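Welcome! Here is a short tour for anyone meeting this structure for the first time.

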Amino acid sequence: MLANAEYILEQCCNMTIREEADENCFKYYITKRNAQVDAAIIAAPKLSDILLAYFDIRNENDLDFKKSALTEVYKYMEPRRKEYKIKGCGAVSEEFFADMNSFGIRHNTKTQVSLRGKRKKVVYDKLFLMAVYVLQSESASNYVEEMKNLRV
């Protein structure tokens, strides 16, 4: 029965079901399929739950979840910041880091740009996609180097 539901969701809504066993029961997560997120998970498997949960339909309008997810992604990316600058995604990564500090996501000071409602959701979603781009760009840069080495 679950296979039928998953097939229908994939065909009509571009969604997938992820099953997770808990000590008491099974949990099912319905998420939008997103090739960018899938590629980022390959590059950052430690973030897989957060990256997948971001597009979970239950979190679609949950700004508190989105903010916490962005903060976790930031924490993962921040130690690699210098690496991102060198790679082809440097401009995007620097904008991501600057925006995380400017829009009240990491800091809540009077100098922060104040966002509300739908505008806040739009900014969070764009920041998330910027982070996903940076994460997958890191893998792509590594693939380029591997391919160059194969030609030698």
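## The overall picture

In the protein, 52% of the contacts with a separation of 6 or more join residues 24 or more positions apart; contact means heavy atoms within 4.5 Å. Buried residues, those under 20% relative accessible area, make up 35% of the 152 residues.

The protein has seven helices and two strands, and from the N terminus on its elements run α-β-β-α-α-α-α-α-α. Helices (H or I, at least four residues) and strands (E, at least two) are DSSP runs, numbered from the N terminus.

## How confident is the model?

This is a predicted model, in which local features need pLDDT of at least 70, side-chain atom pairs count only at pLDDT 80 or more, and totals for chains, interfaces and linings use all residues. Residues are numbered from 1 along each chain as its sequence is written, and side-chain values use heavy atoms, with hydrogens and water left out.

The predictor's confidence in each residue is its pLDDT, from 0 to 100. The mean for the protein is 83, and 82% of its residues reach 70 or more. Confidence is lowest in helix 1 (residues 2–13), with a mean of 64, and highest in helix 4, at 95.

## Helix 4 meets helix 6

Two packed helices are described by the angle between their axes and the distance between the axes. Helix 4 (residues 63–77) and helix 6 (residues 90–102) pack at about 135°, with axes 11 Å apart. Axes are lines fitted to C-alpha atoms, for helices over the stretch in contact, and angles run from 0 to 180 degrees between N-to-C directions. Helix 4 and helix 6 are therefore oblique to each other, as angles under 35 degrees count as roughly parallel, over 145 as roughly antiparallel, 65 to 115 as roughly perpendicular and the rest as oblique.

On the helix 4 side, L70, T71, V73, Y74 and M77 meet F96, F97, M100 and N101 in helix 6. These contact residues divide into seven nonpolar, two polar and no charged. Ala, Val, Leu, Ile, Met, Phe, Trp, Tyr, Cys and Pro count as nonpolar, Asp, Glu, Lys and Arg as charged, and the others, Gly among them, as polar.

## Helix 6 meets helix 7

Helix 6 also has a contact with helix 7 (residues 117–151): their axes come within 9 Å and cross at roughly 145°. Helix 6 brings V92, S93, E95, F96, D99 and M100, while helix 7 brings L127, M130, A131, Y133 and V134. By class, this contact has eight nonpolar, one polar and two charged residues.

Note on methods: Buried means under 20% relative accessible area, exposed over 50%, partly exposed in between (1.4 Å probe, protein chains only).
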